[in-house]
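Me: Hi! Could you walk me through this two-chain model? I have some quick questions.

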Amino acid sequence: MMRTFALLRAAGVCAVAVLACSLASAQGVGALGAAAVVESDETSLVMERSGRVRETVRREIVVLSAAGRERHGVIALGHDAFRRVRKLEGEIRDAQGKTVRSLRRDDVEDYPATASYSLYDDSRVRVGQLYHDTYPYSVVWEYEVEHEGLLNWPTWLPVRGEDPVLRASLTVDVPEGTALRYAGERFAAEPAERAERGRAIYEWTVTDHVQPFEPLGPPWRDQVPALHLTTDRFELAGHAGSLASWAGLGQWYHTLAAGRDDLPPQAVADVERLVAGVASPRERARLVYEYLQQSTRYVSVQLGIGGWQPFPASYVYERRYGDCKALTNYLGALLAVAGVPAFPALVGHDRPDLDPDFPRNAFNHVVLFVPLADGDLWLEATSQTIPFGSLGAGSENRWTLVVEPGSGRLVRTPTSEAEDNTQVRRAAIRIGAGGTADVVAETRYRGHQLNSVRDALAQRSPEEQRVWWERGLDLPVSRLQVSLDRDEVVTATFEAPRYAVKAGSRFLFRPNVLERWTAVPPTTEHRTQPVDLGYPFADTDSVLITLPTGFEVEAVPDPVTIETPFARYASATTVGEGTLTYTRSVAVRAQRLPPEDYDAYRAFVAAVVRADEEQVVLKRE
Amino acid sequence: MIVRVAFVTLLVVLIAAGADAQPEMKWGDIPDELLDMTEYPADLDAAAVIVGDIGEATVSSQWEVRFERHRRVKILSEAGYELGTVSLTYFAEDGLERVSNIKGQTFVREPNGDVRRVKLDKGSIFHEDLPGGRKRVTFTLPALAPGAVVEFQYRVDAESPFYIPRWYFQDEEPTLYSAFEVESPGTLAYTFITQGNPDFVERSEEQGVRTDGKTSHRRWAVANVPALREERYMTTLEDHIQKIDAQLVQYYRSGHGAVDVLKTWPQLAKDLEDATDFGRKLRVDSRVKEQAAALTVGLTSNEEKARALYDFVRASVVWDGRRNAFPDRELSDVMASKRGTSSEINLLLTAMLREAGLPAQPALLSTRDHGRVIRIYPLLTQFNSTVAAYKQGGRWHLLDATDPLRPMEMLPFDALGGEAWLVSDNEWVTTRSETGEHAVHVEAALSPDGTLSGTLRSERHGYSALRARQQVQELGAEAYAAEHLVDEIAGVETHGVTVSGQDDDTQPLVTELAFTVPGYGQAVGDLMLVNPLLLMRTDENPFKLPSRSYPVDFGYPFKATYEAEITMPEGYVVDEVPPAALLLLPVRAGGYERTVKVEDGVLHVEAETQFNRAVFEPNLYDGLKSFYDKSVAADAETVVLTRAEADTAAPAAAAPSPMPDDEGSNR
């Protein structure tokens, strides 16, 4: 993401004052530093018949300097089985309004756009390019995309980048009587409505908007205004469904996945053998889940309705791979054999939480929901390393749509606290006469911290494991050995040849070498976005340091305690007989802070960074 | 259909034909030992082992190539799953190449001892269309698991005798056995180019006859080839991996006799001048001519004209990110659409230079990720980029106009470290152009509470300035300074950032700012610890491998200097300053020198790192690695202040001395 704080703040001040859409006014904004201004961005969505919408866009941008020409000179339209590009045109106009170039056939290319996580899918992208070299100039893009099967209406994003937008509008044109629903995110505008020859027409407008990107904020997509649209009825590749309620969407998904849970006899026998004699449903689920993790991998293939319909369980058993739908469906089938009923739960992974009062397709992932007498269980079928019963951080603390036979209902996923996501380390450092340290560190991880450690270490080569560990240190090490034990403990042993640094007759060293914070967020002014801190966590370190013989302690850092409403830090170094004990704990409890707390958060981090840097001084006895 | 009748051996060269030199690899016949193997003792880091890789290329009397490959891999751990996914890209336009007969299967030992075989099904083989008439086929083998053995085969048919594929004897995992065979008709003569000194266990050449005429049959095999893995500061594994390339040298056609395909460089140059996708493109239309004339009107010196044209092309034409040696489009279209590939942009510049009356010609080169050019093989496929050259002061200068921020005569980083071939003159020029330099000057004062405040000036030249200009353009001056200049100083706050030279790349890029760092001086008991280097510290050794079989290549020589005057706080006296440090690189390739002195309560720090060369051969790796270790140690050294009442006199700086090698004796 590009960051141009200063520049856009300046542009923002002006853009609000600019009301006339003219090249001259755009230049006025440009004088304050913006590289381009979106003069107008008009989208029209016409529902031609049930299940088909024609999206027509006309966008006019004034490019004021070279810095703006590449981002507005390229247009990229995604298309697949449900979206067809019907038209793509463009032209460049000079400062006098004269057309100097129109988009030609050889300015357009079409590529596969298989997602990075996919082996293969049917997404492609059509790319057009138009450039000019005399500023200012205007670029006008016009395109039409036909959407077939309206499970997802296109989401309207009036502000698509950091350049000021003078005017953006959306017109939705549907047959009268169509149950069109809409909901804005960071956008409250009600539409102007009118009826015309049997059609209902809605219109939204945004004027003079600029959105600077802010560090440590939500993803860009969640900083800008968005308008979601949906209709109650949809049909995807011949599969009709209702979005009038969550139950309707659940029913549709259930029908799509129905009858795909057949397992070959050998798989049934595998599961029966696995759970024989185990009474507890939770324990049975654990055994089946571990079997799944050990014998499958994630491979994504998405084709047409295959983006929604899972491959049959027998297909996964045979190939030992699948995507989230296929693996979840397979795990559900295995659990059924084990006598543990389970249900797919649709999730908007890493997306803002859905609005329970606005049924729509808000999902991009599926996990398994297992209601048990001793507490609900959630299983993530796509990871070979995540602990039993854990969800990825992007799937927790949010509404999911649990799909039940013929229905569906919203159920919330669990929320983790700092105490659930821990890292507890015990280390011993022995400093030799030359300043070399022999280090043994044993670290136990839980929750999301364990997820990320397993993600980084499990299924990796020894070399990759060593590189990962070394990245967390900032001193040269040798003879490094790292081992991950399935029981959540990472043991690392290494030698740090120049751990203690000589200064004349003294030795200086940092007691904290294993868990230093080193980066402080930048200072910002006029913060508008909340501060995103990720999942809550707590780390504790306790390090026993054996001093070289012939030296005594001259000075140790004072204990530090930093207490804030959202986080706490404490570190202390205590002197023993020829040894030191260094302890450190940090817990960040909040996941999100209001914009006004940005400076307090920055001050907290800066204080931690300073405390983590402090050194012990030894001198010759 | 070609029927192989009999081979009459005329010449056989067999090298060290061991008893197990050629293990049979029959489709589906997996030995028990292979299924039960759990590790590869010769390389315990191996996640998979290429058990066998057999490639056979047969060129028919009609000069069509049929290539068949059979590869078998033992998966040792999940990290080896990558070798179970295959993606083949080929030229499908006009049926030039076709991929067929893809088969794959996986063998897994079940807990009950049975062997389960799972075949790759046709529906799991995916075909995609790519731009430029290429296609891609992708598949992943089913039922992968640690311990599994997978094998796959496929066939590629090509309509041209040039399309014998390159064969790799080595991979990023160890290879137990790899063999490549080529059978070709007597009407075609090939030469074979090997790289990486493969230690062949078999190498043979036989002449024979088929029903359709005389043939030549060659075979190469290697065994137990170690993995080749990547480390920082290298060009590309492609430059070092063991491989073989087939190159057609001559063909015989009745009535014509022998026709040379592999030409000499002068012949190639002549062909290129006439080629529709190269030399003829330089014969531009009036629009380009007029533009060149308009841009140079009134300019007298060649240098001024060249600069005007370079400035025009780099600012006007957007590079689409593609490097290639030969343009697809007409240069007037490139100029009108204001976008192009590297060859299109640089040929446009070449054409305009010529139109302006300057001595100019195109030059071909190979970028770092494409591998170095081997001069004894006059092959155009060795090149993947075209730049412009013009003569000035008796010397050819290379120009690449693909980046509006890059100064004239500075080549992109990925072009460095090789040679460019001047097409018209058949001359070679080195592609080392500039260096990178960064000089920092700090004036600051430390307060008794440890806060450091002052001003900083940074001056960048060459590649150091280029990278910074890109960052300034993308982020703005303030964010550039925060994220790429003073980012090493934890908790720093900057004020009044100014950048000069951003728009004039004949000047250095100078950044000036004021800064405050709370807690820079660390109070510990009665002491205060101050690292004299605010930035430019080496805090990590980039070289981790115990030894390295390929050179370290930084791209360009560089120099970094740091000067600081830091006023010590009231109430403290300097008790200890780091002694002078002098670290030398092997073969006088530069070094590191640092002095810290105290005068009247002001700390004077000077540090300089200089690398006079960009490339360090493997025999210098130890010395380079040890240099970095010592630099890290030197840069961690601290000034120690004590409270004034301690009444300690400041010592004089120690004299510079070469750093001894023994551990712990700290200069």
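Me: Great. What kind of model is this, and what cut-offs apply?

Reply: This is a predicted model, where local features need pLDDT of at least 70, side-chain atom pairs count only at pLDDT 80 or more, and totals for chains, interfaces and linings use all residues. Residues are numbered from 1 along each chain as its sequence is written, chains are lettered from A and ligands numbered from 1 in the order in which they are written, and side-chain values use heavy atoms, with hydrogens and water left out.

Me: How many helices and strands are there in chain A?

Reply: Chain A has 11 helices and 38 strands. Helices (H or I, at least four residues) and strands (E, at least two) are DSSP runs, numbered from the N terminus.

Me: And in chain B?

Reply: Chain B has nine helices and 36 strands.

Me: What are the dimensions of chain A and chain B along their principal axes?

Reply: The C-alpha atoms of chain A fill a box of roughly 95 × 70 × 45 Å. For chain B, the C-alpha trace spans about 100 × 80 × 45 Å.

Me: What percentage of the residues in chain A is buried?

Reply: In chain A, 56% of the 621 residues are buried. Buried means under 20% relative accessible area, exposed means over 50%, and partly exposed is in between (1.4 Å probe, protein chains only). In chain B, buried residues make up 53% of 667.

Me: What about the accessible surface of chain A?

Reply: For chain A the accessible surface comes to about 25,400 Å², with 49% belonging to carbon and sulfur atoms. Chain B exposes about 28,300 Å², and carbon and sulfur atoms supply 48% of that. These areas come from the Shrake-Rupley method with a 1.4 Å probe; for residues, only the protein chains shown count as cover.

Me: Which share of the contacts in chain B joins residues at least 24 apart?

Reply: Among contacts in chain B between residues at least 6 apart in sequence, that share is 72%. The corresponding figure for chain A is 70%. Contact means heavy atoms within 4.5 Å.

Me: Switching to helices: how do H3(B) and H4(B) pack?

Reply: H3(B), residues 286-296, and H4(B), residues 302-316, pack at an angle of about 125 degrees, with their axes 9 Å apart. That angle makes H3(B) oblique to H4(B). Angles under 35 degrees count as roughly parallel, over 145 as roughly antiparallel, 65 to 115 as roughly perpendicular and the rest as oblique. Axes are lines fitted to C-alpha atoms, for helices over the stretch in contact, and angles run from 0 to 180 degrees between N-to-C directions.

Me: Which residues make that contact between H3(B) and H4(B)?

Reply: On H3(B) they are Gln291(B), Ala292(B), Leu295(B) and Thr296(B), and on H4(B) they are Lys305(B), Ala308(B), Leu309(B) and Phe312(B).

Me: And how does H4(B) sit against H6(B)?

Reply: H4(B) and H6(B), residues 342-355, pack at about 150 degrees, with their axes 10 Å apart. That makes H4(B) roughly antiparallel to H6(B). From H4(B), the contact uses Ala306(B), Leu309(B), Tyr310(B), Phe312(B) and Val313(B), and from H6(B) it uses Ile345(B), Leu349(B), Met352(B) and Leu353(B).

Me: Where is the cis peptide bond in chain A?

Reply: The cis bond joins Tyr135(A) and Pro136(A), with omega of about -5 degrees. Pro136(A) lies in the loop between strand S8 (124-129) and strand S9 (137-148) of chain A.

Me: What about the phi of Arg186(A)?

Reply: Arg186(A) has a positive phi of about 50 degrees although it is not a glycine. Most residues other than glycine have a negative phi, and most peptide bonds are trans. Arg186(A) sits in the loop between strand S11 (180-185) and strand S12 (192-196) of chain A, and is partly exposed at a relative accessible area of 40%.

Me: Is Asn197(B) buried or exposed?

Reply: Asn197(B) is exposed, with a relative accessible area of 72%. Asn197(B) also has a positive phi of about 50 degrees without being a glycine.

Me: Last one: where is Gln591(A)?

Reply: Gln591(A) is in the loop between strand S36 (579-588) and strand S37 (592-593) of chain A. At 30% relative accessibility, Gln591(A) is partly exposed. Leaving aside neighbours within four places in sequence, Gln591(A) contacts residues including Glu396(A), Thr415(A) and Tyr535(A).
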